[in-house]
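Reader: I would like to learn how to read a structure like this one. Please show it to me and take one residue as the starting point.

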Amino acid sequence: MHANALYLPYADKFFDTIVSIDAFHYYSCEPQFLANKMHPLLKGGGYALLYVPVVKAVPEQMPKLMEEWAQESADTFHSVAW
C-alpha cells in the first residue's frame, strides 16, 4: 500500500501494534498527531512502537547548518550517554 501517513485508510481499532522506524519525526509535525491520528487506529491495549534516530554525541559547538534545528529540538533529542 502507498498512503499518506496523515490520512491512513484504516478503520478505528484496526491494529494490534503500530511500528514506526526512523520515520515518525518526518510525518508527525502536526500537533497531537499521535493522539489524533495514530491512537484511534490501535485496538484497546495495543502498542505504538516508535523509533527515532539517536544522536551519538551532542557537539559543544553546533555546526552552523544545525543551529536552527538544534534550538527547536534540543529538548527532544539526546545522546546515548544521556
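**One serine, then the rings**

Author: Ser20 lies in strand S1, residues 15-21. Helices (H or I, at least four residues) and strands (E, at least two) are DSSP runs, numbered from the N terminus. This is a predicted model, in which local features need pLDDT of at least 70 and side-chain atom pairs count only at pLDDT 80 or more, while totals for chains, interfaces and linings use all residues. Residues are numbered from 1 along each chain as its sequence is written, and side-chain values use heavy atoms, with hydrogens and water left out.

Reader: Which elements does the protein have, and in what order do they run?

Author: There are 3 helices and 2 strands. From the N terminus the order is β-α-α-β-α.

Reader: Is Ser20 buried or exposed?

Author: Buried means under 20% relative accessible area, exposed over 50%, and partly exposed in between (1.4 Å probe, protein chains only). Ser20 counts as buried because its relative accessibility is 4%. Across the protein, buried residues make up 13% of the 82 residues.

Reader: What does Ser20 touch?

Author: A contact means heavy atoms within 4.5 Å. Leaving aside residues up to four places away in sequence, Ser20 touches Tyr27, Leu49, Leu50 and Tyr51. With Tyr27 there is also a polar contact of 2.9 Å between the two side chains. A polar contact is a pair of N or O atoms within 3.5 Å; within protein, one must be able to donate a hydrogen and the other to accept it, and residues adjacent in sequence count only if both atoms are side-chain atoms.

Reader: How much of the contact total in the protein comes from residues 24 or more positions apart?

Author: Of the contacts with a separation of 6 or more, such residues account for 66%.

Reader: How many aromatic pairs are there?

Author: Rings of Phe, Tyr and Trp (its six-membered ring) pair if their centres lie within 6.5 Å; planes under 30 degrees apart count as stacked, over 60 as edge-to-face and the rest as tilted. The structure holds 6 such pairs. One of them is Phe14 with Phe15, edge-to-face because the planes are at 80°, with ring centres 4.9 Å apart. Phe14 is partly exposed at 45% relative accessible area, and Phe15 is partly exposed at 23%. Phe24 and Phe33 have ring centres 6.0 Å apart and planes at 65°, so this pair is edge-to-face. Both Phe24 and Phe33 are buried.

Reader: Which residues form an aromatic cluster with Phe14?

Author: Tyr10 and Phe15 form one aromatic cluster with Phe14.
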